[in-house]
Amino acid sequence: MRPPGYELYTEGDSFYADMLRAIRSARREIQIMMYIWQDDHVGRLFRQALEKKCREGVEITVVADALGSFDLPGNFFERLQALGASVYMHNRWQILSWQWLRYLIRRNHRKLLIVDDQIAFTGGFNIMRECSLRHFGHRRWLDVGFVTREKPTVRQLKKQFQNACRRASHRRWATRLLLRSQNRVILFGGSRAISY
């Protein structure tokens, strides 16, 4: 039996539909983080929804992992940025650097969408057609996701987003955050978010 305030998804199509519904209802802020974001029908649908909200004055922050989203064209988020969104690629490859291995193994596999600090989506679904029965068929990637409006959990997920965003934006203290992360694993017990 699932705890109250949480909804579990096992199909990408229904998960995407509810994520897009939440994005379209945003009034203040959208924060979205993805490991894999592809330039396909699903990826462009999300980008268009974010562009529309940006035009309406909603504050948008996007973090995508540079390795997971390697196939994205360099200009994929260009229009979104021109509209005022903050877009960061987590750990861009720096192969010529002696620290290139760090960029290869320290990936950001999180998938998060937080809207107006009221609702949070997370789980295993990336933004790509391979997670969609409608667009990829029965060979689709199987995964799970969940959504919550429980305040403690939304707050914990927002902290995770903010810490990862600091890393991805390469601020001065990003190196220290890599070594001494404040990120914690979140476990769900009843309707409480417990961090360890």
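Me: Phe77 first, buried or exposed?
Reply: Phe77 is buried, at a relative accessible area of 5%. Buried is under 20% relative accessible area, exposed is over 50%, and partly exposed falls in between (1.4 Å probe, protein chains only).

Me: And what kind of model is this?
Reply: A predicted one: local features need pLDDT of at least 70 and side-chain atom pairs count only at pLDDT 80 or more, while totals for chains, interfaces and linings use all residues. Numbering runs from 1 along each chain as its sequence is written, and side-chain values use heavy atoms, leaving out hydrogens and water.

Me: Ok, aromatics. How many pairs?
Reply: The count is 9 aromatic pairs. The rule takes rings of Phe, Tyr and Trp (its six-membered ring) with centres within 6.5 Å; planes under 30 degrees apart are stacked, over 60 edge-to-face, the rest tilted.

Me: What's the geometry of Phe15 and Phe121?
Reply: Their ring centres are 5.7 Å apart and the planes sit at 70 degrees, so this pair is edge-to-face.

Me: Where do those two sit in the chain?
Reply: Phe15 is in helix H1 (residues 12–25) and Phe121 in strand S6 (residues 119–123), so the pair ties together parts 106 residues apart in sequence. Helices (H or I, at least four residues) and strands (E, at least two) are DSSP runs, numbered from the N terminus.

Me: Buried or exposed, Phe15 and Phe121?
Reply: Phe15 is buried, with a relative accessible area of 3%. Phe121 counts as buried too, at 2%.

Me: Back to Phe77, what does Phe77 do with Phe76?
Reply: Phe76 and Phe77 make an edge-to-face aromatic pair, 4.9 Å centre to centre with 85 degrees between the planes. Phe76 is buried at 2%.

Me: Which residues make up the aromatic cluster?
Reply: Tyr9, Phe15, Tyr16, Phe46, Phe121 and Phe125 form one cluster.

Me: Switching to charges. How many salt bridges?
Reply: There are 9 salt bridges in the structure. Each has a side-chain nitrogen of Lys or Arg within 4 Å of a carboxyl oxygen of Asp or Glu.

Me: What's the N to O distance for Glu11 and Arg140?
Reply: 2.7 Å for that salt bridge between Glu11 and Arg140. The pair links distant parts of the chain, 129 residues apart: Glu11 is in the loop between strand S1 (6–9) and H1, and Arg140 in the loop between helix H5 (133–136) and S7. Glu11 is partly exposed at 25% relative accessibility, while Arg140 is buried at 14%.

Me: Which residue does Arg79 bridge to?
Reply: Glu51, with the closest N and O atoms 3.3 Å apart in the Arg79 bridge. Arg79 is in helix H3 (residues 78–82) and Glu51 in helix H2 (residues 41–55), so the pair ties together parts 28 residues apart in sequence. Arg79 is partly exposed, at 46%, but Glu51 is buried at 3%.

Me: Which residues form the salt bridge network?
Reply: Glu29, Asp117 and Lys158 are linked in a network of salt bridges.

Me: What about the backbone at Asp117?
Reply: Asp117 has a positive phi of about 55 degrees, although it is not a glycine. Asp116 also has a positive phi of about 55 degrees, and is not a glycine either. Most residues other than glycine have a negative phi.

Me: Where's Asp116?
Reply: In the loop between strand S5 (112–115) and S6. Asp117 is found in the loop between S5 and S6 as well. Asp116 is buried at 10%, whereas Asp117 is partly exposed at 27%.

Me: Last topic. Which residues form the positive surface patch?
Reply: Arg149, Lys151, Arg155 and Lys159. Patch residues have over 30% relative accessible area and no salt bridge, with like charges joined within 9 Å and nonpolar side chains (Val, Leu, Ile, Met, Phe, Trp, Tyr) within 5 Å.

Me: And where does Arg149 sit?
Reply: In the loop between strand S7 (145–148) and helix H6 (151–168). Arg149 is exposed, with a relative accessible area of 57%.

Me: How far apart are the C-alpha atoms of Arg149 and Tyr6?
Reply: 7.2 Å, although Tyr6 and Arg149 are 143 residues apart along the chain. Tyr6 lies in strand S1 and is buried at 7% relative accessibility.

Technical notes
Areas by Shrake-Rupley, 256 points an atom, 1.4 Å probe, with all protein chains shown as cover. Lys, Arg positive; Asp, Glu negative; His and termini not counted. Charge placed at Lys NZ, Arg CZ, Asp CG, Glu CD.
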